[in-house]
Amino acid sequence: SALDLFDQMQLNSVLNNVRKHRSLADAGRHLFAASRIQKGSSNDGDRLRKYLAKYGLSWAAVCG
């Protein structure tokens, strides 16, 4: 409830998508597909891990 509606909706969408994948890396590749093309190298799993941590969440907490 401390989150703006925008952040709540974004986080909800991310969580719904994360649950569809078998690994953090696979979920990250899916979620960051467009922006990863622009980068020379990327660690999409780490990016997703940091996003989840921002909200006090982990892969295990979401998918475990």
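A salt bridge here is a side-chain nitrogen of Lys or Arg within 4 Å of a carboxyl oxygen of Asp or Glu. The views below show a predicted model.

**View 1. D46 pairs with R49 in helix α4.** The closest N and O atoms of this salt bridge are 2.4 Å apart. That falls within the 4 Å cut-off. Both residues lie in α4. They are 3 residues apart, about one turn of the helix. D46 is partly exposed, with a relative accessible area of 22%. R49 is also partly exposed, at 43% relative accessibility.

**View 2. K50 joins D46 and R49 in one network.** K50 forms a salt bridge with D46. Their closest N and O atoms are 3.1 Å apart. K50 and D46 are 4 residues apart in α4, so about one helical turn separates them. Shared partners link D46, R49 and K50 through these salt bridges. Side chains of opposite charge can pair when their charged atoms come close.

**View 3. R29 pairs with D26 in helix α2.** The structure holds 3 salt bridges, and the R29–D26 pair is one of them. Here the closest N and O atoms are 3.8 Å apart. R29 and D26 are separated by about one helical turn because they sit 3 residues apart in α2. R29 is partly exposed, with a relative accessible area of 39%. D26 counts as partly exposed too, at 28%.

**View 4. Helix α4 has a buried side.** Helix α4 spans residues 44-54. Its buried residues are D44, G45, L48, Y51 and L52. They cover an arc of only 120° around the axis, so they lie on the same side of α4.

**View 5. The opposite face of α4 carries exposed lysines.** K50 and K54 are exposed. Both sit on the face turned away from the buried side of α4. K50 is also the salt-bridge partner of D46. D46 itself is partly exposed.

**View 6. G56 follows helix α4.** The phi of G56 is positive, near 75°. The helix before G56 is α4, whose residues run 44-54.

How values were computed. Residues are numbered from 1 along each chain as its sequence is written. This is a predicted model: local features need pLDDT of at least 70, side-chain atom pairs count only at pLDDT 80 or more; totals for chains, interfaces and linings use all residues. Side-chain values use heavy atoms; hydrogens and water are left out. Buried means under 20% relative accessible area, exposed over 50%, partly exposed in between (1.4 Å probe, protein chains only). Helices (H or I, at least four residues) and strands (E, at least two) are DSSP runs, numbered from the N terminus. The arc is that of the directions from the helix axis to the C-beta atoms.
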